[in-house]
Amino acid sequence: MPISTCFTIWRPLATALAATAALLATFLAPATAQAQTAPRESRPVYSYENAVREAVWVDTRLDGDGDGKSDRVAVDIVRPREPARKGRKVPVIMDASPYYSCCGRGNESQLKTYDAGGHVVQMPLFYDNYFVPRGYAFVGVDLAGTNRSDGCVDVGGRSDIQSAKAVVDWLNGRATAYTTRTGTQKAKADWTNGRTGMIGKSWDGTIANGVAATGVKGLKTIVPISAISTWYDYYFAQGAPLYDSGPDWLSDYVDSPDARAKCAAVQQKLVDQAPRTGDRTPLWTERDYVKDARKVRASVFLVHGMQDLNVRLQHVGPWWDALAKNGVQRKIWLSQTGHVDPFDFRRAQWVDTLHRWFDHELLGYDNGIDREPMADIERHPDQWVTSKSWPPRGTSATTLRPANGTRPGVGTLGLTKGKGTETFTDDPALSETDWAARIDTSTPDKAGFTTGTLTGDLRLSGASKVTVTATPTTSTAHLSAVLVDLGPDTIRDYAASGEGISTLADRTCWGLSTTGDSACFKETRAKTTAVDYTVVSRGWADLGTYADAGKGVPLTPGKAYTITLDLGATDHVVPAGHRLALIVAGTDKDLIDPPSTRPTLTIDLARTSARVPLVGGAAAFAHATKGARTAVPQEAGALDGVRAPRTAHRVPEGGRAGAQPVTEPDTGW
């Protein structure tokens, strides 16, 4: 279905009479005159200083903390005062988060602050400053068990999702809210038309995914940024653990003091039902939003960094494909950054695009955003290209096959099936950067395979799969598969502390400010580094899940096993003059945990291959490698890349640790 056919222009029923008059007027007025009267952009016509600031507590109809009372979640609201006075109702932009009091939001780790009456003074981020004057309400929801809400954090489960879904229900007249946390006076959302858009980075965006997957009425669009689509994949990669802790640690990290005192049973459930074996349990099924993509009614504007090693790219491909299969309207931005908000890597364009997206989806304005390319992709730092669809038409999975070279562990990659074997020993002290740096050198820790020097560009777009047949020497083994672009480039330094950005001292302003809530934020710029290679995509697995991705079993030493690893989605051009490489190895230091043993693995090359999504398919690969020099370079010094990945994150954080809140008043747009 063409992208433009999925949008509808919405108008409130109260305007039906005016719409009829306008229709009659079309017979008397030129089309150009009518086009000039149709709104295309919301304007900052309402006072931010005098906006209504209020708090309500929405009944979730759950008792997560087991105190015998239904949990209420705190909802802080900033909305323009003028529309309600004139009987006009406004749509809602909502960010449901566990971070409003514990950890902060955004690049400057802003927290909610309150006045003596308990009304929000500083609402983190720019959404309220910018959109409230334009006729939107902004709603900041404290997830159950955090800040001023009752209940317990259950890390993406029923409590987390119901925390936010109940608010959407309340905004649409289907749930009950109160003016205080424990009182009986009810609050009505009679100021809104119920049309809601959810937005948020990381855990917040994850909640948006989860609420959309309930099919709740009234949720018209979501904007998930660096968000999780299934929590199992946040903690495991096909049975291989990504962190040395489970969701119980994360729950405790964001729980309010009150929740910590009441939520021992929830904490224990997170321990008992999320075993470190990596087995899929009902707990993970409950937290899998991809399986419920068929229920999604909302449009989706997805944003992700292609070098995000916190919420990894395995969260993009399956979710995106499931949404497409179910006819969901979609848009996507893919950057070269790590776990970074687009406000900090493409600020002006982001604010403009988000503004037009919400105007279209929540106000019904025909501003043309539905007819623009589906995808924006950062090809080089601050250099973006677009694709009408994503992955683009003509993309097909092409089978590339490794083969022996002239030296052990240094082989070739092409369309012809290889023979023989390659052998490596797992070394948990090494990572993908160590392997790539020595791609042309025989080392005992990896097997590497490269094309010849390309004579034409080769574009990868989507998610790859690598099938490996391996014989281990021990009863446990973990595998990594990595695709690498070998050649000089300048890229965003995603391994540095800013994950591809540097934060500056100067500020720019995006909306209106009050004394307690500044709309001005520190500027950023791309942090770049020159490299000899770029890791394009990676994936991991526990070989013990070869027969069942949901359950691992001990391996029989000396027996061959075949497993397919799912690599993260990407969009990358390997230019002429570079080479494409496939690396197969064991533990990827700081990205997966090592197995209990240190195996040596023998790879059967005839039964090992990579299915790579190439624009133009096998014909494009043949064209790009036509006349390529296939000889592997002689051993040389190590290639330069980004530094080794940092110690793995354990928090899908929404802010940056150590950043200070902004409190100084500023003005401006």
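In which sense do strand 14 and strand 15 pair, and over how many bridges? Strand 14 (residues 330-335) and strand 15 (residues 375-380) pair in the parallel sense over three bridges. Two strands count as paired if DSSP finds at least two bridges between them. Within this pair, Leu334 has Ile377 of strand 15 as its bridge partner.

The model is predicted: local features need pLDDT of at least 70, side-chain atom pairs count only at pLDDT 80 or more, and totals for chains, interfaces and linings use all residues. Residues are numbered from 1 along each chain as its sequence is written, and side-chain values use heavy atoms, with hydrogens and water left out.

The protein as a whole has 15 helices and 31 strands. These are DSSP runs numbered from the N terminus: helices are H or I with at least four residues, strands are E with at least two.

Next comes the overall form. The radius of gyration, taken over C-alpha atoms, is 26 Å, which agrees with the value near 26 Å for a compact globule of 669 residues. The globule rule is 2.2 Å times the number of residues to the power 0.38. Along the principal axes, the C-alpha atoms fill a box of roughly 80 × 65 × 45 Å.

Of the 669 residues, 59% are buried, meaning under 20% relative accessible area with a 1.4 Å probe, protein chains only.

Note on methods. Buried means under 20% relative accessible area, exposed over 50%, partly exposed in between (1.4 Å probe, protein chains only).
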